[in-house]
Amino acid sequence: MEYYMRVLRGLREDRDITQQMIADVLGTSQSMYARYERGANELPIRHLTALCRYYNVSSDVVLGLTKDKTR
């Protein structure tokens, strides 16, 4: 499993947020967001940016380029 897929799922589950809630934030469907978490589809940069803002984390954390000190 790609690192970012684990991070996306972890960020969501740590906050008790559903895939549908995140899909609504991104303006996409729940099934498409689930495909991002599974790695079946690549996460578009616009969605990466939106998720980083939503979770208040750096894209470096999501992509595994640096460690999130809070996790």
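Residues are numbered from 1 along each chain as its sequence is written, and side-chain values use heavy atoms, with hydrogens and water left out. In this predicted model, local features need pLDDT of at least 70 and side-chain atom pairs count only at pLDDT 80 or more, whereas totals for chains, interfaces and linings use all residues.

Helices are DSSP runs (H or I, at least four residues), numbered from the N terminus. Helix 1 comprises residues 3-14. The expected span of a helix is 1.5 Å times one less than its number of residues; for the twelve residues of helix 1 this gives 16 Å, which agrees with the 16 Å between its end C-alpha atoms. Within helix 1, Y4, M5, V7, L8, G10, L11 and R12 are buried, that is, under 20% relative accessible area (1.4 Å probe, protein chains only). The cover over these buried residues includes helix 2 (19-26), helix 3, helix 4 (45-55) and helix 5 (59-63).

Two packed helices are described by the angle between their axes and the distance between the axes. The axes of helix 1 and helix 3 (residues 30-38) come within 7 Å and cross at roughly 125°. Axes are lines fitted to C-alpha atoms, for helices over the stretch in contact, and angles run from 0 to 180 degrees between N-to-C directions. Helix 1 and helix 3 are therefore oblique to each other; angles under 35 degrees count as roughly parallel, over 145 as roughly antiparallel, 65 to 115 as roughly perpendicular and the rest as oblique. In this contact (heavy atoms within 4.5 Å), Y4, M5, L8, R9 and R12 of helix 1 meet Y33, Y36, E37 and R38 of helix 3.

A nonpolar core is a set of buried Ala, Val, Leu, Ile, Met, Phe, Trp, Tyr and Cys residues joined through side-chain atoms within 4.5 Å. The largest such core has 18 residues, and L8, I22, Y33, L43, L51, Y55 and V62 have the most contacts inside it. Helix 1 gives the most to this core, with five residues. Beyond its neighbours within four places in sequence, Y33 is in contact with L8, R12, Q19, I22, A23, L26, T28 and L51.

Two loop residues complete the description. D16, in the loop between helix 1 and helix 2, has a positive phi near 55° although it is not glycine. D16 is exposed, with a relative accessible area of 70%, where exposed means over 50%. N56, in the loop between helix 4 and helix 5, has a positive phi of about 60° and is not a glycine. N56 is exposed, with a relative accessible area of 69%.
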